Every structure is written in structure tokens, then in C-alpha cells.
Amino acid sequence: MKNRPKLELHLHLEGAASPAFIKGLAAEKKLDISGIFDERGNYAYADFAGFLDVYEAATQALKTHEDYARLTTAVLQDCAEHGVVYAETFLSPDFCGGRDVGAWREYLAAIQEAAAAMEPHITLRGCVTAIRHFGPEKSRETAICAAETVGDFITGFGIAGAETVGAPRDFAWAFDCAREAGLGLTAHAGEWGGAAMVRDTLDQLPGISRIGHGVQAITDLALCDRLIENDITLEVCPGSNVALGVVPNWASHPIEKLRARGVKVTVSTDDPPFFHTTMTNEYGRLAHHFGWDDEIFREVEQNALEAAFCSAETRAIIAKRLQ
Ligand code: HPA
Ligand code: ZN
């Protein structure tokens, strides 16, 4: 499983920073964020709200371009170790560069340079991500940052954070701006917000081709059919859903039901150190609980390849690596 070539579409850059990495940066900066770790050195949170708080606190240790370069290298090394040949990462100007486009460009250059150094071993593309609970106004600034830096590396725009804050239409301006800039569009929905949130996202944010999580769609079969008809791909992160309590356990995760119905699903880790997972672990669990075999893994890898926010040229290169 470990060496099997994989694609990962849903990976938060800041959320992929290990506790040891963040602790090291905090010590260098004499920053006391010890409260976000438990006695074993893991990130300590009790629920989704706590997770978001710890996530944001951890990003305080990421201050310089060099920090982001080191983070990118460390994350890509971890991904490559688990066979990932193509990854897309959510990264947020809200956390690096303070939403100032000038600073954001410099952070981005450091991330991009670190990623380029890992080619052709692993290819990374960036998806600029607004944070829902920071509000619609900030999402506009984030979208402008995305639109101003669209290119070979920044190829997508998305939204993460507390899903039950506001309605998708509150963020329509940001998505319109990103769409006009030619970015691929994805939104976290149907992790916590229920099937209605997935439906509202499709209704209110036109041009979205992927949904982050989207697993609650299983409670509404007409919605599942709409996902199929509109060729919407789900970025499913089962280990994240289990760790955060979206579903009670692996065996009850709806990924196989969604796939069997015909919804295009892909597999990702979301924030691996927070959820004690890796792509190898996700694949192993899917094989164990749902009997996924080579044919099914190929199907979901093909789904990821087709839904990836990259050029046709990059897609062809990655396709060869999957053979
Ligand atoms: N959901 C919402 N916001 C997030 C997540 C997630 O799974 N990971 C990082 N930010
Ligand atoms: Zn996510």
C-alpha cells in the first residue's frame, strides 16, 4: 500500500505541520503555545471547534518565508514517503502573509520554490483557501490574493473552516472573483452542515467542480444523483471524519455507499498529524473495512486525476506515474 502511487487533493498545508515541527518553531521564537499539546506531545482538542482553535494557534509559530519553505519540504517528504506523486494543498493568506498581497507573494514564492525542489518526485499545486469563520469580507481579500497569484502553482480556490457560519451565498463574491481568474473551485461542505449544505453550495456557488468532504450527501439520494449528473467530485477524508466524530467509526463511513451509487469519490488525509493518519493508513483502512482492491483504488485515483486543478500537461505526466 505504501509504495502505490497516490494522488491527494485535500491536504491543508498548515494542518500538515507535525506537533514536533510546530514546537520547534515556537521554541525558536520563544512563543508559548504549549497549551495546544497534550502530555504525549500530540495536538490536544476535544471537538471540531477545539480543533479549529488549536489549528489557528499552531499557525502562530509559522512566521517567516523560511518557516513555510521548511514546512513545505517536510510535508512533501511525508507525502512522498506514502507514495503520493501529486498533491494539492490548501493554503491560506489569512495565516501566512497577513492577507497583504505583497507579503503573500513572498510567502508563496518560498512555498513554490520548496515544492519545485521536490519535482519530479512529487508535484504540488496550491489551492488558496478562505476561512469561513473569518467572514465574507475577509474572503474577498483572500480571493483577490488568489486572483493576483493565479499561475502554474496556484490553480484553485476554496473555503474551509466552521461550516455552519453563514450561507454559501455570503461567499459568492469571492468565488466569482476566483472563477473569473480561471481558478478551479472547491468548497468544504457536508462535513458538519448536512446534505442541505452541499445542495446550497451547488446552488449558490456556481462553477464548483469539487466538494471538500461532502459525505453528508449520503442522506439525500437525489442529491447524490445531482452530484453524479453534474460531475462533482468529493474530496473524502475518512480518517479525518472518524477522528473529529463526523461518523462514529470507520465501518460506518459512507465513502463506499457513495462510490457504489456512482458518486465520484477521492481519498485524502485533510490534516494528517491532527488525525494520526497517512495516505497509507487511509488506503489500508479502506481495504480492510470495505474490501477495496486494486480496481477500486485505480478508480478513485482516476477520479482524482480527472478532478485535479492542474494543466493537461501535468495531468498527462501524473497519469504516466500511475501506470
Ligand atoms: N474542515 C474545516 N476546516 C478545516 C478542516 C476541515 O476538515 N481542516 C482544516 N480546516
Ligand atoms: Zn479540510
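Trainee: Is His12 buried or exposed?
Mentor: His12 counts as buried because its relative accessibility is 7%; buried means under 20% relative accessible area, exposed over 50%, partly exposed in between, with a 1.4 Å probe and protein chains only. This is a predicted model, where local features need pLDDT of at least 70, side-chain atom pairs count only at pLDDT 80 or more, and totals for chains, interfaces and linings use all residues. Residues are numbered from 1 along each chain as its sequence is written, chains are lettered from A and ligands numbered from 1 in the order in which they are written, and side-chain values use heavy atoms, leaving out hydrogens and water.

Trainee: And which residues coordinate the zinc ion (ligand 2)?
Mentor: His10 (NE2), His12 (NE2), His188 (NE2) and Asp270 (OD) do, at 2.1 to 2.2 Å. Donors are N, O and S atoms within 2.8 Å of the metal (3.2 Å for Na, K and Ca); water is not among the atoms, so sites may look incomplete.

Trainee: How are those donor residues spaced in sequence?
Mentor: The pattern is H-x1-H-x175-H-x81-D. His10 is buried too, because its relative accessibility is 0%.

Trainee: Switching topic, how many aromatic pairs are there?
Mentor: A whole-structure search gives 16. One of them is Phe48 with Phe51, stacked at 6.0 Å centre to centre and 25° between the planes. Rings of Phe, Tyr and Trp (its six-membered ring) pair if their centres lie within 6.5 Å; planes under 30 degrees apart count as stacked, over 60 as edge-to-face and the rest as tilted.

Trainee: Are Phe48 and Phe51 buried or exposed?
Mentor: Phe48 counts as buried at 14% relative accessibility, and Phe51 counts as buried at 5%.
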